[in-house]
Amino acid sequence: MLAVRVYGKEDMRVVDVPKPTIDNPTDIIVKVKAVGICGSDKAIYNGSNPFVELPRVMGHEFVGEIAETGKEVTEFTIGDHVVVEPISYDGKCYACRQHMPNACANLKVLGVHQDGGMQEYIKVPAKQLHHINKSVPWTTAVLSEPYTIAGNATTRGEVGLSKTVVIQGAGTIGQLSLKVAKAKGANVLISDVAQEKLAFAKENGADEIVNVKNEDLVEKVKQWTNGAMANVVIDAVGAPSTFKSCLEIAGVAGRVVPMGFSTAPVTITQQPIMQKQLTICGSRHQTFQFEPIIHAIEDNKLGDDGMVNQKFNIKDAQKAMDLMNNDPDKARKIVLLFDN
Ligand SMILES: [Zn+2]
């Protein structure tokens with residue numbers, strides 16, 4: 001069977017590998033149907049992901065069909081459609097005991113620490129599988145995982161009915177966070193430098209769009225909130241400048257959710273954090289988001305709506321990665337498919 005494996009910096013190969021087999025009665029083999037390419041996969045390919053151990057089959061956003069089950073598997077049947085949860089955790093460490101298994105001391109992520117979904121078949125433990133209705137197209141189902149990232153960020157930010165939410169960055173995660181925030185009943189302002197991304201956000205429910213290339217974000221948020229500033233600020237850019245402006249954009253008792261992993265230093269002052277009693281909350285991967293996100297997708301509260309705008313056969317993984325690297329603005333979400 002085919003697998004997309006990264007061997008080193010910019011060395012990705014479509015290789016022939018043995019198909020996994022059922023060794024234990026609890027094993028489950030999934031036939032992968034669609035896998036999304038994420039910014040972190042690009043980082044693995046470009047040699048800038050410090051967590052990955054090479055060689056590695058990438059892919060942590062993937063969905064498929066149950067192909068084979070061990071004889072003790074009861075909750076899944078051959079042919080079931082499933083979304084794969086890429087993280088696994090020990091359930092024992094301090095983070096796990098705080099109900100934050102996404103920050104587990106022994107966290108393992110498919111496609112990073114273990115081989116992921118860019119292969120035709122994969123063996124996955126039952127606890128990492130979630131059913132999804134067969135009526136959901138694969139190219140929509142594959143958005144489940146990135147949607148859980150938005151689900152986690154909005155949960156950490158306590159996004160809710162009628163709250164004012166500012167999202168910085170209208171890339172994939174910014175757009176999905178917008179859609180989840182709207183589904184949760186919030187009012188959303190989204191900012192970016194790319195007008196076409198802002199136009200797409202507007203189509204997808206943004207109440208206000210701000211192009212920071214020619215508009216002052218702080219001023220716009222002030223007008224939009226009648227001076228109160230935002231209840232929640234999600235930074236889906238993760239640059240030093242956007243993190244810094246989060247503290248200005250947030251209003252009293254506001255919550256700030258930085259989503260970047262930049263190591264560049266940022267100069268901030270303590271005063272706004274103290275005076276406005278801000279809560280700055282990290283959001284890593286997701287915790288317990290798959291069930292609500294999948295149900296929202298099944299109920300058409302969350303959908304594709306043009307997010308998946310690039311599709312490639314798995315054999316053309318290199319072309320997909322080249323597009324991701326050379327022309328990222330053309331790719332809202334690139335998906336690799338197996339049956340073409
Ligand atoms: Zn743990």
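D11 sits in strand 2 (residues 11-16), where helices (H or I, at least four residues) and strands (E, at least two) are DSSP runs numbered from the N terminus. This is a predicted model, in which local features need pLDDT of at least 70 and side-chain atom pairs count only at pLDDT 80 or more, while totals for chains, interfaces and linings use all residues. Residues are numbered from 1 along each chain as its sequence is written, and side-chain values use heavy atoms, with hydrogens and water left out.

Back to D11. With a relative accessible area of 25%, D11 is partly exposed; buried means under 20% relative accessible area, exposed over 50%, and partly exposed in between, using a 1.4 Å probe and protein chains only. Set aside the neighbours within four places in sequence, and D11 is in contact with R5, V6 and Y45. Contact here means heavy atoms within 4.5 Å. For a sense of scale, D11 and I273 are 262 residues apart in sequence and 44 Å apart in space, C-alpha to C-alpha.

Next, the domains. Eight residues of domain 1 are in contact with ten residues of domain 2.

Now look at helix 10 (residues 290-298), whose buried residues are F290, I293, I294, A296 and I297. These residues lie on the same side of helix 10 because they cover an arc of only 160° around the axis, the arc being that of the directions from the helix axis to the C-beta atoms. The general rule behind such patterns is that an α-helix has 3.6 residues a turn, so residues three or four places apart point the same way. And what do the buried residues of helix 10 pack against? Their partners are strand 6 (81-84), strand 10 (129-131), helix 3 (138-141), helix 4 (144-156) and helix 5 (172-183). After helix 10 comes N300, with a positive phi near 60°.

Helix 4 and helix 10 pack at an angle of about 115°, with their axes 9 Å apart. Those axes are lines fitted to C-alpha atoms, for helices over the stretch in contact, and the angles run from 0 to 180 degrees between N-to-C directions. On the helix 4 side, S144, E145, Y147, T148 and G151 meet F290, I293, I294 and I297 of helix 10. Sorted by class, this contact has five nonpolar, three polar and one charged residues; Ala, Val, Leu, Ile, Met, Phe, Trp, Tyr, Cys and Pro count as nonpolar, Asp, Glu, Lys and Arg as charged, and the others, Gly among them, as polar.

In helix 6, L198, F200 and A201 are buried. Seen down the axis, the buried residues of helix 6 fall within an arc of 160°, so they line one face of the helix. The face turned away from that buried side carries the exposed residues E196 and E203. Among the elements covering the buried residues of helix 6 are helix 5, strand 12 (187-192) and strand 13 (208-211). Just after helix 6, G205 takes a positive phi of about 105°.

Two single residues are handy landmarks. A95 lies in helix 2 (residues 94-97) and counts as buried at 15% relative accessibility. Not counting residues up to four places away in sequence, A95 touches M100, P101, A103 and C104. T164 belongs to strand 11 (residues 164-168) and is buried, at 15% relative accessibility. Leaving aside its neighbours within four places in sequence, T164 is in contact with N187, W224, T225, M229, A230, N231 and V232.

Most residues other than glycine have a negative phi, and most peptide bonds are trans. L54 and P55, though, are joined by a cis peptide bond with omega about -5°, and P55 lies in the loop between helix 1 (39-45) and strand 4 (56-57). S162, not a glycine, has a positive phi of about 65° and lies in the loop between helix 4 and strand 11. N226 has a positive phi too, about 55°, although it is not a glycine. Look for N226 in the loop between helix 7 (217-224) and strand 14 (230-235), where N226 is exposed with a relative accessible area of 74%.
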